[in-house]
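Here are some notes to read alongside the model, written as numbered points.

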Amino acid sequence: MQWNLEQIRLFVSVAEGQSFSSAARRLNRAQSAVSTSIAMLEADLGVTLFERSSGRQPRLTAAGGTLLEEAREVLRQCQRLEGRALGLVRGEEVRLRLAQDEAMPYQPVLDSLEALAKAFPLLEVQLASGAQGDVARKLLERRADLGLLFHHEQMPEALERQRLGTIEMVTVCGVGHPLAGVAHVDRRELARHRQLLMAPQDSRYPGGEQLSPSIWRTDSFYTMAELLMRNLGWAWLPRHVVQYPTYQNQLVELSSDWTPPPLVVELVCRRDEALGPAALWLADCFAEHLKAIG
């Protein structure tokens, strides 16, 4: 087989844009050159990738649909290779920009940063915290090198993630809430009271299931805890948020017949930028400290 990466890029571009002409414009190629490259790729692979009808947009064949994700993975591997090479050229980082979800357990983060300062004393560190979605946005905009966030399904394709550990979720309300005095609550009882949920609705965080017809939404677990302290509903929160000193004796953990699965903590970075030794060291260190609180 004599196919090349340029043909793979064109295949993916045409498939995603459903147009030979738009792919040609986007990649600054002549449309005839794009069509020829795709035809050569089909000949090399021995399959037809697109159905072509006069005046209609090209549609993937069954074979084309099967090979599309494989082609995307080839391009992702190329990004990783280029990123690794760049990391080797750069050597140890001069600066590390870390972005984290604001509800990340603070003790493992602080302990890890303290250890990082000893292991890499000349390293400049920039630490940013944000609500849901901010971490991924900073990475995409190249305003952060490394991200710590909770797993959710809507992760941009340009980012690569690695599981580090989990955080337990618990059912809670304020001390003055009617549920606070109930020995055990089931789903029917929870549904009678306002439920606080993470926003936006399509985030698919663990604990995103709506039980009550009455809901409020927020993009911050800490804002949610503040609302709970005012007895404005019940919610599922990470245990370390409930144990935050500000909320001690203000929130009540409820005994319930169901709680969400744990939050999965992930390390996130760009596919096309390899992590340097300090970032890799910090990731391992944080994973160890996260296990300690589990």
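**Notes on the predicted model**

1. Let's begin with one leucine: Leu-113 lies in helix α5, which covers residues 106-119. Please keep in mind that this is a predicted model. Is Leu-113 buried or exposed? Its relative accessibility is 17%, so Leu-113 counts as buried, the cut-off being under 20%. Leaving aside residues up to four places away in sequence, Leu-113 touches Leu-98, Val-125, Leu-127 and Leu-282. Ser-129 is 16 residues from Leu-113 in sequence, and their C-alpha atoms are 14 Å apart in space.

2. Next, a sheet. Five strands form an open sheet in the order β4-β3-β5-β12-β6, and the pairing is mixed. The edges are taken by β4 (124-130) and β6 (159-167); each has a single partner strand, so one side of each is left without a neighbour in the sheet. From one strand to the next, the twist averages 20 degrees.

3. Which strand pairs with β4, and in what sense? Strand β3 (residues 95-101) does, in the parallel sense and over seven bridges. Within this part of the sheet, Gln-100 stands opposite Ser-129 in β4. A helix belongs in this picture too: α10 (residues 277-293) lies across β3, β5 (146-150), β6 and β12 (263-270). Relative to β6, helix α10 runs at about 25 degrees.

4. There is another open sheet of five strands, ordered β9-β8-β10-β7-β11, again with mixed pairing. Its edge strands, β9 (215-218) and β11 (251-253), each pair on one side only. Here the twist averages 40 degrees from one strand to the next. Strand β8 (residues 195-198) runs parallel to β9, and four bridges join them; Leu-197 has Arg-217 in β9 as its bridge partner.

5. Which helix packs on the sheet that holds β7 to β11? Helix α8 (residues 221-229) does, touching β7 (169-174), β8, β9, β10 (234-238) and β11. The direction of α8 makes about 140 degrees with that of β10.

6. On to the aromatic rings, where the structure holds ten pairs. One of them joins Phe-11 and Phe-50 edge-to-face, with 5.8 Å centre to centre and 75 degrees between the planes. This pair links distant parts of the chain: Phe-11 sits in helix α1 (residues 5-17) and Phe-50 in strand β1 (residues 50-51), 39 residues apart. Both phenylalanines, Phe-11 and Phe-50, are buried.

7. Tyr-244 and Tyr-247 have ring centres 5.8 Å apart and planes at 45 degrees, so this pair is tilted. Tyr-244 is partly exposed, at a relative accessible area of 29%, whereas Tyr-247 counts as buried at 3% relative accessibility.

8. Two arginines are worth a look beside tryptophan rings. Arg-187 lies over the face of Trp-258, 4.9 Å from the ring centre. Arg-194 has its charged end over the ring of Trp-216, at 4.5 Å from the centre.

9. Finally, the domains. The assignment for the chain gives domain 1 as 5-90, domain 2 as 95-166 + 264-292, and domain 3 as 169-261. How far apart are the centres of domain 2 and domain 3? Taken over C-alpha atoms, 27 Å separate them.

Conventions. Residues are numbered from 1 along each chain as its sequence is written. This is a predicted model: local features need pLDDT of at least 70, side-chain atom pairs count only at pLDDT 80 or more; totals for chains, interfaces and linings use all residues. Side-chain values use heavy atoms; hydrogens and water are left out. Two strands pair if DSSP finds at least two bridges between them. Helices (H or I, at least four residues) and strands (E, at least two) are DSSP runs, numbered from the N terminus. Axes are lines fitted to C-alpha atoms, for helices over the stretch in contact, and angles run from 0 to 180 degrees between N-to-C directions. Contact means heavy atoms within 4.5 Å. Rings of Phe, Tyr and Trp (its six-membered ring) pair if their centres lie within 6.5 Å; planes under 30 degrees apart count as stacked, over 60 as edge-to-face and the rest as tilted. Buried means under 20% relative accessible area, exposed over 50%, partly exposed in between (1.4 Å probe, protein chains only). A charge sits over a ring if NZ of Lys or CZ of Arg is within 6 Å of the ring centre and within 35 degrees of the ring normal. Domain bounds come from an automatic or database domain assignment.
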